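Here's a quick briefing for anyone meeting this structure for the first time. Have a look at it, then read on.

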Amino acid sequence: MTTLYGWGPMFDCPSPSPYVMKSEIQLQMLDIEFDRAFADLDAVSKHKAPYVEDEGEIIQDSNFIRAHFERKTGRSLNDGLTPRQQALSWALERMVEGHLNAVMAGERWLNDANFEKGPTLFFADVTEPQRQAVIDEIREGMRKTRWESGIGRHAHEEQLQLAAWDLAAIAAQLGEQAFLLGDEPTVADASVSAVLVSCATPYFETPLVDLVQSHSNLPGYIRRMKECYLPEGVWPDLVMA
Ligand SMILES: N[C@@H](CCC(=O)N[C@@H](CS)C(=O)NCC(=O)O)C(=O)O
């Protein structure tokens with residue numbers, strides 16, 4: 001039995017986490033049958049989602065989840081791709097999980113209005129009066145991490161510029177094609193579409209939404225990937241305290 005642990009639909013997105021969406025897509029690309037369950041970050045050593053339980057074994061991190069099932073099935077998500085396509089796929093994945101994801105997360109977690117209608121829900125289980133202190137500590141920790149990694153040293157406008165450059169690169173690679181490498185979805189589509197879906201949700205007030213929309217080929221691409229791999233109603237309903 002295989003279970004993907006993460007979070008289902010929130011914020012008008014199939015998941016609040018692009019990494020959970022990426023694993024969800026990649027497991028389907030590898031024809032793995034799996035259940036979905038809510039992540040308990042305290043239950044795993046890396047304290048992050050996604051993680052998978054596969055026949056009693058816990059695998060953490062979307063990259064290692066992919067590798068585990070590639071080993072197990074004897075298939076690779078690189079099958080059928082030329083070495084240059086494989087390199088491009090990896091580079092696109094690393095790109096979206098760099099600046100673009102970091103900017104998207106900052107828009108949700110560090111913009112007060114967005115935080116209040118979005119990520120604050122993750123703290124619904126924390127009882128008052130500790131709740132606000134926990135939230136403040138986590139947001140402060142995030143600011144510190146972002147400063148140390150460098151992204152937090154850029155002005156908001158500069159961060160958006162970095163995101164815009166990533167989006168332009170994705171739109172140029174996609175061009176008139178249905179998917180990043182042609183008519184069929186491939187491994188790069190898993191990670192790229194997951195981050196794009198996250199940037200494009202109108203649930204949050206962020207210039208990222210318009211930046212995505214400014215590329216005429218991206219909305220249709222997002223729609224196609226959602227239709228193929230991110231159906232509604234597959235996650236258990238989220239019950240908040
Ligand atoms: N490199 C990891 C990143 C996973 C990740 O950052 N997950 C976030 C959700 S998008 C998380 O679990 N954050 C909880 C935390 O940092 O406490 C992967 O590819 O799976």
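**Helix packing and the ligand shell**

Helix α3 passes helix α6 in a left-handed crossing (the near helix is turned anticlockwise from the far one by less than a right angle; clockwise would be right-handed). Keep in mind that this is a predicted model, where local features need pLDDT of at least 70, side-chain atom pairs count only at pLDDT 80 or more, and totals for chains, interfaces and linings use all residues. Residues are numbered from 1 along each chain as its sequence is written.

**α3 with α6**
- α3 and α6 (residues 156-174) pack at about 140°, with axes 9 Å apart (axes are lines fitted to C-alpha atoms over the stretch in contact, and angles run from 0 to 180 degrees between N-to-C directions).
- α3 and α6 are therefore oblique to each other (under 35 degrees is roughly parallel, over 145 roughly antiparallel, 65 to 115 roughly perpendicular, the rest oblique).
- On the α3 side, the contact includes L92, M95 and V96, and on the α6 side Q159, L160 and L162 (C-beta atoms, placed from the backbone, within 7 Å).

**α3 with α7**
- α3 (residues 83-109) and α7 (residues 187-200) pack at about 15°, their axes 8 Å apart.
- That makes α3 roughly parallel to α7.
- This crossing of α3 and α7 is left-handed.

**Around the ligand**
- Residues surrounding the ligand include S17, Y19, H47, K48 and D61 (C-beta atom, placed from the backbone, within 6 Å).

Key:
Helix = DSSP H or I, 4+ residues; strand = E, 2+ residues; numbered from the N terminus. Contact = placed C-beta atoms within 7 Å.
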